[in-house]
Amino acid sequence: MSKIHAVVLAAGQGTRMKSKLYKVLHPVCGKPMVQHVVDTMASMQVKDIVVVVGHGADAVRAKLGEDVAYALQEEQLGTAHAVQQAAPFLHDKEGTTFLLYGDVPLLSAETLAALLTYHEEQEAAATVLTAVLSDPTGYGRIVRDEAGEVLRIVEHKDATSEERAIQEINTGIYCYDNQKLWKALAQVKNDNVQGEYYVTDVVGILRDAGEKVAAFEAADPDETMGVNDRVQLSEAEAYMRRRIVVEHMRNGVTVLDPSSTYIEAGVTIGSDTVIHPGTFLRGRTTIGSDCVIGPNADLTDVAVADNVSLTYTVMVDARVEHESTVGPFAYVRPGSVIGPKAKIGDFVELKNAKIGEGSKVPHLSYVGDAEIGAGVNIGCGTITVNYDGAVKHKTIVQDGAFVGCNSNLVAPVTVGQNAYVAAGSTITQDVPDNALAIARERQVNKIDYANRMPRKGKKQS
């Protein structure tokens, strides 16, 4: 196999998106469209990737980073003109060059590898990826000669009525002999309706020079879908979401209702995990094996170990160790670590809290900026009072401690090992190991109080 290069066109503004965000940066399954294209090339070990930027160039650079080269198309004069901006990076190289688009995010590595193999087997100067559509309106048509060879590609707006009846369309995706590509680009003219330089004209130029132009039909036309507006963005999202879910299921994950499960592209899931409906798995989330996730779990950048159960839970940038349970209706915020065999129950909020092995925060509690040791019980309604209006302070509850219901732990404060906090206490001082802390008003009973009070409905004399 020859050396492989790639040019990714990402200079368009995308006015039909009606958005402040540049088109190629709109996400599909949690990742910008152009990032999908670049990542697919990287997975195929393509080293020379040149992204042609224009509108929103700085934003695209910021998102893709330094792993690719950038060529700037300052003036939008057509696709051939855009490709020409990559010449300083590639014109003197040997091998094969992919031409791809930043708003065509669904192409799989398998389809592109098949295109590349066919291109090299045919020893073609150019090979175009085609698709057959029932409604090809708006797409460039593949015009073939009597022998079935590619004769030219004609844009829809420049096509005759006879050419518009052709259902085989140009996806815009090509493989080129790199040296022949740059020679042909130098001959492209702009004598067309739009006055633009079309990269599709390269096909005719190569044919006129006696070079072979091949065509490879995509097995799944939906992979070649371009995104130009919000409707197409939603269609691309649905297609990729289905593909991601199917891949997880084939890898041993049970997804009870794929149509109501949302898994982004960067998520990994271990075998024999069960995903219930209404679950969102986002970002860099990793799920271990033998877990039960959902229903209605929403996890972003969360690391979940094996044998964990998460139900009706929202978690962000947190970690859950093995054999723990979380939920229902828990909110776990950034910086939180839930240790092994711990229990976080209903209506509990954690923030930057470390929960030790086997500890329990069963219900109706807020634990923020805290370290909870192993084997601790946090009673219902307990609050770590961590914020004084200016600074966040830390609460430490050491191993084996028991905190009674409706307690306030006013940070900074430490509850020692095996210590007890009586229910209803407001703790403002450290509690020694093995001590019982009681911090509440002494109960006073007013005898016969009710009989001295006016009663509702009783006539006063």
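Trainee: In this predicted model, why is Tyr 174 called buried?

Mentor: The relative accessible area of Tyr 174 is 0%, and buried means under 20%, so Tyr 174 counts as buried.

Trainee: What makes Tyr 176 buried or exposed?

Mentor: Tyr 176 has a relative accessible area of 1%, which is again set against the limit of under 20%, and therefore Tyr 176 is buried.

Trainee: How many aromatic pairs does a search of the whole structure find?

Mentor: The search of the whole structure gives six aromatic pairs.

Trainee: Why is the pair of Tyr 174 and Tyr 176 called stacked?

Mentor: The ring centres of Tyr 174 and Tyr 176 are 5.2 Å apart, with the planes at 15°; since rings pair if their centres lie within 6.5 Å and planes under 30 degrees apart count as stacked, the pair is stacked.

Trainee: How do you know that the rings of Tyr 262 and Phe 280 are stacked?

Mentor: Their centres lie 4.4 Å apart and their planes stand at 5°, and because the limits are 6.5 Å for the centres and under 30 degrees for the planes, this pair is stacked too.

Trainee: Which parts of the chain does that pair link?

Mentor: The pair links distant parts of the chain, with Tyr 262 in strand β13 (residues 262-263) and Phe 280 in strand β16 (residues 280-282), 18 residues apart.

Key:
Residues numbered from 1 in each chain as written. Predicted model: local features only at pLDDT ≥ 70, side-chain atom pairs only at ≥ 80, totals over all residues. Heavy atoms only, no water. Phe/Tyr/Trp six-rings, centres within 6.5 Å; stacked < 30°, edge-to-face > 60°. Buried < 20%, exposed > 50% of the residue type's maximum accessible area, 1.4 Å probe, protein only. Helix = DSSP H or I, 4+ residues; strand = E, 2+ residues; numbered from the N terminus.
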